[in-house]
Amino acid sequence: MAPVINVTKTANPTSVAETGGEVTYTVTVVIPEGTTVYAAALFDDLPSNLDLVSTDHSFDGEQSVVRTEDFGTDSVNIQWPDPYTNASGTGDDTLVLTIVGQVLDVPANSRGTVVGNSAEFTWSN
């Protein structure tokens with residue numbers, strides 16, 4: 001049976017962001033205790049009407065993760081060690097990734113346009 005990995009993403013502001021303004025995305029990944037994942041990675045590519053400003057992360061697991069940003073492609077990648085094991089009896093391991101994007105002055109960002117952004121967590125077991 002595949003482990004249940006909980007991934008959530010929020011945005012702030014959740015409503016209107018003006019051209020030149022910033023949007024902060026928070027992605028949270030929870031790996032339950034007693035779970036081993038292989039080739040685990042988190043990817044977030046900002047849409048073309050946002051510019052990557054900064055990223056940060058925290059992780060409370062026993063092993064460290066590696067974060068890379070590409071400001072040319074406005075993408076962020078987190079890699080877990082392979083395999084990554086969250087041992088039984090240690091509690092859930094939680095990663096929190098914060099991404100700040102700036103709203104660009106482009107035609108695609110006209111008033112009322114909804115800008116979508118999603119993150120993808122991949123792994124095998």
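I will start with confidence. The model is predicted, and the chain has a mean pLDDT of 90, with 97% of its residues at 70 or more.

Now the overall layout. What kinds of elements does the protein chain have? There are nine strands and zero helices, so I have no helix to show you, by the DSSP definition used here. The C-alpha atoms fill a box of roughly 50 × 25 × 25 Å along the principal axes. Of the 125 residues, 34% are buried. The chain exposes about 6,800 Å², and 49% of that comes from carbon and sulfur atoms. On contacts, take those with a separation of 6 or more: residues 24 or more positions apart account for 73% of them.

Next, the sheet. Four strands form an open sheet in the order E1-E2-E8-E4, with antiparallel pairing. E1 and E4 are the edge strands, each pairing on one side only. From one strand to the next, the twist averages 15°. In general, strands of a sheet pair through backbone hydrogen bonds.

Let me walk across it from E1. E1 pairs with E2 over seven bridges, in the antiparallel sense, and Val 7 stands opposite Val 29 in E2. E2 is then joined to E8 by ten bridges, again antiparallel. There, Tyr 25 stands opposite Ile 99 in E8.

How much of E2 is buried? Seven of its ten residues are, so E2 is largely enclosed by the rest of the structure.

The largest nonpolar core has 23 residues. Those with the most contacts inside it are Val 29, Ile 31, Leu 42, Trp 80, Leu 95, Leu 97 and Phe 121. Strands E2, E3, E4, E6 and E8 each give two or more residues to this core, and E2 gives the most, with five. Generally, in soluble globular proteins, nonpolar side chains tend to be buried together.

Beyond residues up to four places away in sequence, Leu 97 touches Tyr 25, Thr 26, Val 27, Leu 42, Asp 56, His 57, Arg 67, Val 76 and Ile 78. Leu 42 in that list is also among the core residues with the most contacts.

Now a loop residue. Asn 49 sits in the loop between strand E3, residues 35–45, and strand E4, residues 50–59. Is Asn 49 buried or exposed? Its relative accessibility is 9%, so Asn 49 counts as buried, the cut-off being under 20%. Which residues does Asn 49 contact, leaving aside neighbours within four places in sequence? They are Gln 102, Val 103, Leu 104, Val 106, Ala 108, Asn 109 and Val 115. Glu 62 is 13 residues from Asn 49 along the chain, yet their C-alpha atoms are separated by 37 Å.

Last, some backbone details. The bond from Asn 12 to Pro 13 is cis, with omega near 5°, and Pro 13 lies in the loop between E1 and E2. A cis bond also joins Asp 82 and Pro 83, where omega is about 0°. Pro 83 is in the loop between E6 and strand E7, residues 84–86.

There are also two positive phi angles to mention. Ala 39 is not a glycine but has a positive phi of about 55°. Ala 39 lies in strand E3 and is partly exposed, with a relative accessible area of 45%. Asp 74 has a positive phi of about 55° too, and is likewise not a glycine. Asp 74 is found in the loop between strand E5, residues 66–70, and E6. Asp 74 is buried, at 11% relative accessible area.

That is the end of my part.

Notes. Residues are numbered from 1 along each chain as its sequence is written. This is a predicted model: local features need pLDDT of at least 70, side-chain atom pairs count only at pLDDT 80 or more; totals for chains, interfaces and linings use all residues. Side-chain values use heavy atoms; hydrogens and water are left out. pLDDT is the predictor's confidence in each residue, from 0 to 100. Buried means under 20% relative accessible area, exposed over 50%, partly exposed in between (1.4 Å probe, protein chains only). Contact means heavy atoms within 4.5 Å. Accessible areas come from the Shrake-Rupley method with a 1.4 Å probe; for residues, only the protein chains shown count as cover. A nonpolar core is a set of buried Ala, Val, Leu, Ile, Met, Phe, Trp, Tyr and Cys residues joined through side-chain atoms within 4.5 Å. Two strands pair if DSSP finds at least two bridges between them. Axes are lines fitted to C-alpha atoms, for helices over the stretch in contact, and angles run from 0 to 180 degrees between N-to-C directions.
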